[in-house]
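Okay, everyone, thanks for coming. Let me put the structure up and then talk you through a few spots.

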Amino acid sequence: MSAYDGGVRRLLSTEEFVEEKKYSAAEMERILKIQEVIAKAMAGKLTWWAAAEIMGVTDRTMRRWRGRIEKNGYSSLYDRRKHPSPKRFPLEQTQRVLNLYQEKYSDFNVKHFHEKLAGEHQIDLSYTWVKKALQLAGLVKTTKRGKHRRRRQRRPIPGMMLHIDASKHQWMSDQWHDLIVILDDATSEIYYAQLVEEESTRTVMAGLRAVVETKGWFSSIYSDRASHFFKTPKAGQPIDTRDVTQVGRAMRDLGIRMIPAYSPQARGRSERSFRTWQGRLPQELRVRGIRTAEHANNFLRNTYITEFNSNFTVTAAEVGTALMPLHRQDLDRVFAVQHERSVNKDNTIQFANHVWQLPRTPLRATLSGCSVLVYEHLDGTFTVGYGPHTLARFTASGEPIETPLPRRSRRPDSGGASASTSPRSALRAPLGLRSSRRSSGIQERRTKK
């Protein structure tokens, strides 16, 4: 008797075993396929490695099946438990879970859906069970693992390093926006999150300023190499550390170090955070009927960031914080786009298709030829600065705004009039006209006379 005939006889002897238990059509089809392939391999019509390739299993699994069949027959391929598991979930409840997902929560991720089952439907199931049920039903996709990478350790205390990134997504129905998020590396706490039309220099500066004003000074900021963060001479090459952007200049003025990321995997912490945002925020906005960016940002500021942090913030490795209060008064200038201009002979400057007349100032007799800075503020207004002094203000449309004249600091009055306190010398002193050499020469001639 051949091995194939013996396998068929053992198959026929398992009919009573099959009748004792009820199996689905898919399970029976799988078992019969395994039996057929193994029988051909035992008959020498297939090699064992070819049989393993047909079944989509490893050689080790095929050897295990072969040994099991040779010892106990084909009945060993069926469920070998005498009684079903007492933890088996009822079929009706399984259908209810799948129907809930299809009818109401089809755009939720597995973890979010698992929370809704327990919180709103009082269905207490393990996360693994829910995930496998949805995957077997074909309602969610299985994720593929990437190549092995070494995990970067978190910073030990908050404030040592912050992540800033943006994600373009359809956060509301038929509306695409960029979500700018700033989070702490040590705890994953969200410090800032807002929907904007597009990530740019101004929107990034607005987020950084909000963090500086609410949380304080921090040590470093970690970001991608977008053009508003860094200047890269050639694509894929290192950044130019000598030529900084407006964001880089603002961080340099505050003493905050900027760290560039050279791959998406390097920003894994913020990338994983965005997967969570994309799996939750659109659904929360849809459930609440929020359809405008303004209402969505109010919801983020007043409600959702606190709720998000309560679920996903972790404890820092060490006690303490690197965040420090910042008492600078020039944040309007720091977080502004700065442009250098030269004053014309008629005390005007040209900027943004406007010719702006600078008013008279007690600082100098004329500003002709001087270099001034035009500050383009986040609210759309403009100011013209000369050193620490503000010379003029203009609206977003270029109309002048009345500005108090800057005052020069005066020396304490010693009780008597002197040349250094006269109005004429006060204008000449900053220009360097009263040099020490000239003053000493005048004094020597007066002595000789």
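Predicted model: local features only at pLDDT ≥ 70, side-chain atom pairs only at ≥ 80, totals over all residues.

Residues are numbered from 1 along each chain as its sequence is written, and side-chain values use heavy atoms, with hydrogens and water left out.

So, helix α9, residues 201-214; helices here are DSSP runs of H or I, at least four residues, and strands are E, at least two, numbered from the N terminus. Its 14 residues reach 20 Å from first C-alpha to last, close to the 20 Å expected at 1.5 Å a residue, taking 1.5 Å times one less than the number of residues. Buried residues of α9 include M205, L208 and V212, where buried is under 20% relative accessible area, exposed over 50%, and partly exposed in between, with a 1.4 Å probe on protein chains only.

Now the largest nonpolar core: 30 residues, with L208, F218, I221, M251 and F335 making the most contacts inside it. A core means buried Ala, Val, Leu, Ile, Met, Phe, Trp, Tyr and Cys joined through side-chain atoms within 4.5 Å. Helix α9 gives the most to this core, five residues.

Last bit, phi. Most residues other than glycine have a negative phi. Q122, though, is near 55°, in the loop between α7 and α8, and it's exposed at 62%. A352 sits near 50°, between β7 and β8, partly exposed at 42%.
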